[in-house]
Amino acid sequence: VIKCKAAVAWEAGKPLSLEEVEVAPPKAHEVRIKIVATAVCHTDAYTLSGADPEGCFPVILGHEGAGIVESVGEGVTKVKLGDTVIPLYIPQCGECKFCKNPKTNLCQKIRITQGKGLMPDGTSRFTCKGKQIYHFMGTSTFSEYTVVADISVAKIDAAAPLNKVCLLGCGISTGYGAAVNTAKVEPGSTCAVFGLGGVGLAVIMGCKIAGASRIIGIDLNKDKYAKAKEFGATECISPQDFKKPIQEVLVEMTDGGVDYSFECIGNVGVMRAALEACHKGWGVSVIVGVAAAGQEISTRPFQLVTGRTWKGTAFGGWKSVDNVPKLVTDYMSKKIKVDEFVTHTLPFDNINEAFELMRTGK
């Protein structure tokens, strides 16, 4: 058993508490990882807020991390002690019907236990002050050591800087893949990206790499425009600057609507606007943002009857074990940006400050 520091969420709506936790050794087909760097994501904040119906407490959150394999359980063959890895919240077992189907990346092998905050055998590897602590998204990267299933880990280039590539565990991969895998953005096309946080910037990067000629960023926070343009946005607009609904503005700006739109916020009203901003006959709108529990989307069916397509994506459609190492390689060869997404680097003890920076859009 390893004793180490972790940020524990004891209950919903309270700041994270830095505690000494005990991390049990990995069982069969499990891997224990020394986490070197982790990022914070809105999904962590969403669960911490208490709005997540799958949220279990007390829990160690975090799902964008990178580290070194400390030990492996019986039967683990894909990674070994000392390997550089990224933990994966969407695993890839290679055996379930989802993994065998090229149309999806949603491996279901450990979905049930992962959703309950437990390892595949239905137990936890974390304890603190004598209490069992739940796992989060199968990763729990807000701990100096974590244990994950062996199908939830990608071995990456040992030379990669872990304080950067940890971001490929969720946000950047999600946005980039939404553009290149889910929408399959084509050269010369017009795109609209709603929400210019990390995921939205990654979508813009994907649209640009795919050869889009016009990329319109939409956000209420104008402080985000300069960064969006650095990533490839050709123009940025705020819905507050117009009297009419933003979808009408976009349809006018683009002679009938955009070819591709992306919702990167998790707001069901914006999801509708993103669909209705699409061009009749061929426009495709991709939902990337995760809406709160119980919310529903609506539009007039005629929007779809007249040729628009509404799609969703999780982790950008990447089959995780296969593709995360390739994304790291693409970063190392400067095909995709990663460094530019990092705004602040803080010591682990300041994790609550990181959440505050995220909450305020900084």
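The model is a predicted one, in which local features need pLDDT of at least 70 and side-chain atom pairs count only at pLDDT 80 or more, while totals for chains, interfaces and linings use all residues. Residues are numbered from 1 along each chain as its sequence is written, and side-chain values use heavy atoms, with hydrogens and water left out.

Helices (H or I, at least four residues) and strands (E, at least two) are DSSP runs, numbered from the N terminus. Residues 28-156 are 13% helix and 30% strand, with end C-alpha atoms 22 Å apart. For residues 198-326 the figures are 37% helix and 16% strand, and the end C-alpha atoms lie 20 Å apart.

Let me turn to Glu30, which belongs to strand β3, residues 30-39. Is Glu30 buried or exposed? Its relative accessibility is 3%, so Glu30 counts as buried; the term means under 20% relative accessible area, with exposed over 50% and partly exposed in between, using a 1.4 Å probe and protein chains only. The side chain of Glu30 reaches the backbone nitrogen of Lys27 at 2.9 Å. Leaving aside residues up to four places away in sequence, Glu30 touches several others, among them Val72, Met119, Arg125 and Asp150, where contact means heavy atoms within 4.5 Å.

Next, the cysteines. A search of the whole structure finds zero disulfides, a disulfide being a pair of cysteine sulfur atoms within 2.5 Å. Cys56 is in none; its nearest cysteine sulfur, that of Cys128, is 17 Å away.

Finally, helix α1, residues 42-49, has Asp44, Thr47 and Leu48 as its buried residues. These lie on the same side of α1, because they cover an arc of only 100 degrees around the axis, taken from the directions from the helix axis to the C-beta atoms. Their cover includes β1 (2-9), β3 and α12 (351-359). After α1 comes Gly50, with a positive phi near 95 degrees.

Note on methods. A polar contact is a pair of N or O atoms within 3.5 Å; within protein, one must be able to donate a hydrogen and the other to accept it, and residues adjacent in sequence count only if both atoms are side-chain atoms.
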